[in-house]
Amino acid sequence: MPILEQFIHTLQDYVKDHAVKLLTGLLLMAIGWFVGRKRALADWKKKEFLDRLNVSLNTIESGTLKIRTLSEKRSEEVFLNSAATDAIIRMARRTTAENPLLPIPTDELWFYLNSVLNDLSEQFADGLLKRDMGGPVKAATYLISLTCESAGAMRTRKIRAMVIQKNTLVNLPEECPKLEATQHGTRWKTLQFLAAEYQKNPAQFLEVELAVP
């Protein structure tokens, strides 16, 4: 029997013996694709992208609240573990308009916040090395917390790592600063909430010194 014909017969026998398993596998793949596609469409309609981690720098400059993105990546690129990513997405869905802080268990806070810090530190490596070598740098102490805002006219809903100078947060002005966009009113409310929470439970925040050349 020619080799090709023998291979075809062997393949046919394998398919016959494992037909149920093969069909079940294909069916599960199809269901998974359909569910994933449906969820993606639903998230798009709601403009909800909880699989993304946005690192957001918040400053008040000349009386104006300014919000700038330092980075945005897939959450799994930052937390490096699919189970941790799934858990943080579940926690993000539990946030409310009144409380945007992710309800991370106390014994897991360091893991999540330190993962954000590791990713953020890459952007400021030049400043840290220059200071270590005795060169002139500008440095300040910042606080990092993990939130998911849902109040107001948010254009998109994402998990956001809030980055703000410690001095700014603990001395937040009583009056709302000028806003660059109407929807930034939500961010102002978030910062007010974070300032109050920092006084009550600073463990929810990670303190870090960042330096730039």
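**A guided look at a predicted model**

Guide: This model is predicted. Start at Asp119, which is found in helix H5, residues 109–123.

Visitor: Why is Asp119 called buried?

Guide: Buried means under 20% relative accessible area. Asp119 has 9% relative accessibility, so Asp119 counts as buried.

Visitor: Which residues does Asp119 touch, leaving out those up to four places away in sequence?

Guide: Asp119 touches Ser71, Lys73 and Val78. Ser71 also has a place in strand S2, as the bridge partner of Val55.

Visitor: What makes S1 and S2 a pair of strands?

Guide: Two strands pair if there are at least two bridges between them. S1 and S2, residues 64–74, have ten bridges, so they pair; the sense is antiparallel.

Visitor: How many residues lie between the strands in the hairpin of S1 and S2?

Guide: Two residues lie between them. In this hairpin, Ser62 takes a positive phi near 55°.

Visitor: How do you know that S2 and S5 pair?

Guide: The cut-off is at least two bridges. S2 and S5, residues 178–179, have two bridges, so they meet it, in the parallel sense. Thr64 stands opposite Lys178 in S5. Leu65 has Leu179 as its bridge partner there.

Visitor: What about S1 and S4?

Guide: They pair over seven bridges, in the parallel sense. Glu48 stands opposite Arg157 in S4.

Visitor: What is the order of the strands in the sheet?

Guide: The order is S5-S2-S1-S4-S3-S6. This is an open sheet of six strands, with mixed pairing.

Visitor: Why are S5 and S6 called edge strands?

Guide: Each pairs on one side only.

Visitor: Which residues touch the most other members of the largest nonpolar core?

Guide: That core has 32 residues, and the ones with the most contacts to other members are Ile88, Tyr112, Ile144, Leu146 and Ile159. Among the elements that give this core two or more residues are helix H4 (82–93), H5, strand S3 (138–147) and strand S6 (206–212). A second, separate core has 14 residues, including Leu101, Leu194, Tyr198 and Phe205.

Visitor: Which residues does Tyr112 touch, again leaving out those up to four places away in sequence?

Guide: Tyr112 touches Phe79, Ala84, Ala87, Ile88, Met91, Ile104 and Leu146.

Visitor: How do you look for empty space inside a structure?

Guide: You roll a probe the size of a water molecule over the atoms, and this shows where empty space is left.

Visitor: How many cavities of 30 Å³ or more does a search of the whole structure find?

Guide: The search finds one. About 50 Å³ of space lies in the largest cavity.

Visitor: Which residues line the largest cavity?

Guide: The lining is Leu101, Leu102, Ile104, Leu109, Leu113, Leu146 and Gln204. By kind, that is six nonpolar, one polar and no charged.

Definitions and conventions: Residues numbered from 1 in each chain as written. Predicted model: local features only at pLDDT ≥ 70, side-chain atom pairs only at ≥ 80, totals over all residues. Heavy atoms only, no water. Helix = DSSP H or I, 4+ residues; strand = E, 2+ residues; numbered from the N terminus. Buried < 20%, exposed > 50% of the residue type's maximum accessible area, 1.4 Å probe, protein only. Contact = heavy atoms within 4.5 Å. Core = buried A, V, L, I, M, F, W, Y, C linked by side-chain atoms within 4.5 Å. 1 Å grid on protein atoms, 1.4 Å probe; cavity = no way out; pocket = protein on both sides within 12 Å on 5 of 7 lines; lining within 4 Å. Points joined across faces, edges and corners; volume = space filled by probe spheres on them. Nonpolar A, V, L, I, M, F, W, Y, C, P; charged D, E, K, R; others polar.
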